[in-house]
Amino acid sequence: MAIGFLDRSRTIAPADWSRWLVPPAALAVHLAIGQVYAWSVFKPPLEGSMGLSGTQSALPFQIAIVMLGLSAAFGGTLVERNGPRWAMFISMTCFSSGFLISALGAATEQFWLVVLGYGVVGGVGLGIGYISPVSTLIKWFPDRPGMATGIAIMGFGGGALIASPWSSQMLSLFGDDSGGIATTMLVHGVVYFGFMLVGVLLVRVPADDWAPPGAPVQQVGGRSISVSANNALRTPQFWLLWVILCLNVTAGIGILEKAAPMISDFFAETSAPVSAAAAAGFVGLLSMTNMVGRFVWSSTSDIVGRKNIYRLYLGVGAVLYLVIALTTNSSKFLFVLAAALILSFYGGGFATIPAYLKDLFGTYQVGAIHGRLLTAWSTAGVLGPLIVNAIADGQAAAGREGPDLYIMSLLIMTGLLVVGFIANELVRPVNPRFHEPAADDRTDEPSDKGQEPSGKEQERR
């Protein structure tokens, strides 16, 4: 139960509050938790100091993504009920504590503590923090939902742009042994706590009767779309979007999690090998395209439509993976360009999905629906790194090196995106029988009863 300044009633914005103050509050949280995309910077030091394999060193990241989806799914209704300030506070506490526990694990060389801290505790902070501003932003920007969610979720994609060079510099300063890793993680925990606190204090929710001038009313048959979270689970549209998100994320996250070692391996035997500093720069570049893609492509979806923009993400993304697989290490520029575009589509997919949900299910419980959909991210967080790392480890054990470590993975990712493309083509409007009997898109205290309309109500429609 939210109490004191965390109570939802204490965060209702006054009449003169500017809605443009809400995206910065969301960015403060998302830029912090977006550090998860810079995990690959910690992989080589952990492998060296604790004797881990590539698959083992990916475990904290994988568990964090699993916990992100699970905490978002189970906490979505609580976030809707208690409001974004409560959610951001929980996120700040868990995410920062996760780093402190991981620092202890690194200092004592107990890898299970790193998994517990960064993966489990920090992962809960990721999930609650990720969904905390989504429904609030959609309520503040019903006229531009793609742009609004893109601004906030852009921060999650851009978190590694800050964290990757910052973490690399601290590891260089403190050392890449267990003590240096511990000190680096300790600093992360303290700094991110202060940064996220800005968002906790700044965020507000609109009053129940607030609406921007000329805001559109989303309707079907004269009634506004209003589908509960429980009813959404009964629709084929939810599960098609689940498949779309899962496969798009699987294809992108595998590269992102192993970005630094992948580019180093790809060009290790060429005349221009990639240094550790350049590999860290590549991680930063991917983070930048991931971040920019979240804003650019999701804003574009407000113009061209959600289905069309996902055709771009999935169709062109499949072609780009195929290009990397076929050209191998013949062109460093082509490799970097294709990877950057893929990660822009990957980020755009995350930023566009809340608006896609709003289009199909309305704003009634869109935050809770979004939380449940993020279980697709949990699944992808395991599949993507597992596919890339396990195949790379297997190929290395067989004596292969360079691009041969990854070709099979790239071809698998191509196939997954093709399946996602087909799923997107099957998405249709939600059948009115799943709508709430009394539609009220401005309800901020969801009942979550999830009951389908009675037979009389369906007959009346």
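Student: Is the crossing of α11 and α18 left-handed or right-handed?

Tutor: This is a predicted model. In it, the axes of α11 and helix α18 (residues 407–425) come within 9 Å. The crossing of these two helices is left-handed.

Student: Are α11 and α18 roughly parallel or roughly antiparallel to each other?

Tutor: Their axes cross at roughly 155°. Angles over 145 degrees count as roughly antiparallel. α11 and α18 are therefore roughly antiparallel.

Student: How do the residues of the contact of α11 with α18 divide into nonpolar, polar and charged?

Tutor: The α11 side includes Leu-240, Val-243, Ile-244 and Leu-247, and also Asn-248 and Thr-250. From α18 come, among others, Leu-410, Met-413, Leu-416 and Leu-417, along with Gly-420 and Asn-424. The division is twelve nonpolar, four polar and no charged.

Student: Which elements give two or more residues to the lining of the second largest cavity?

Tutor: About 50 Å³ of space lies in this cavity. Its lining includes Asn-248 and Ala-251, two residues that also take part in the contact of α11 with α18. Leu-417 of α18 is in that contact and in the lining too. The elements that give two or more residues are α11 (236–257), α14 (306–327) and α15 (332–361).

Student: What is the volume of the largest cavity?

Tutor: A search of the whole structure finds three cavities of 30 Å³ or more. The largest of them has a volume of about 80 Å³.

Student: Which element supplies the largest share of the lining of the largest cavity?

Tutor: Ten residues line this cavity, and those closest to its centre are Arg-8, Glu-80, Ser-135, Thr-136 and Lys-139. Both α4 (59–82) and α7 (134–140) supply at least two lining residues. The lining divides into three nonpolar, three polar and four charged. The largest share, three residues, comes from α7.

Student: Are α4 and α17 roughly parallel or roughly antiparallel to each other?

Tutor: The axes of α4 and helix α17 (residues 375–397) come within 6 Å. They cross at roughly 170°, and the crossing is left-handed. The cut-off for roughly antiparallel is over 145 degrees. α4 and α17 are therefore roughly antiparallel.

Student: How do the residues of the contact of α4 with α17 divide into nonpolar, polar and charged?

Tutor: α4 brings in Phe-61, Ile-65, Val-66 and Leu-68, among others. Trp-377, Val-382, Pro-385 and Leu-386 are among those of α17. Gln-62, Gly-69, Thr-375, Ser-378 and Gly-381 also take part. The division is ten nonpolar, five polar and no charged.

Student: Which element gives the largest share of the lining of the largest pocket?

Tutor: About 330 Å³ of space lies in this pocket. Of its 15 lining residues, the closest to the centre are Val-41, Pro-44, Ser-168, Ala-276 and Ala-280. Two or more residues come from each of α2 (43–50), α8 (145–174), α12 (259–266) and α13 (276–304). The largest share, four residues, belongs to α13.

Notes
Residues numbered from 1 in each chain as written. Predicted model: local features only at pLDDT ≥ 70, side-chain atom pairs only at ≥ 80, totals over all residues. Heavy atoms only, no water. 1 Å grid on protein atoms, 1.4 Å probe; cavity = no way out; pocket = protein on both sides within 12 Å on 5 of 7 lines; lining within 4 Å. Points joined across faces, edges and corners; volume = space filled by probe spheres on them. Nonpolar A, V, L, I, M, F, W, Y, C, P; charged D, E, K, R; others polar. Axes fitted to C-alpha atoms, helices over the stretch in contact; angles between N-to-C directions. Parallel < 35°, antiparallel > 145°, perpendicular 65-115°, else oblique. Left-handed = near helix turned anticlockwise from the far one by under 90°. Contact = heavy atoms within 4.5 Å.
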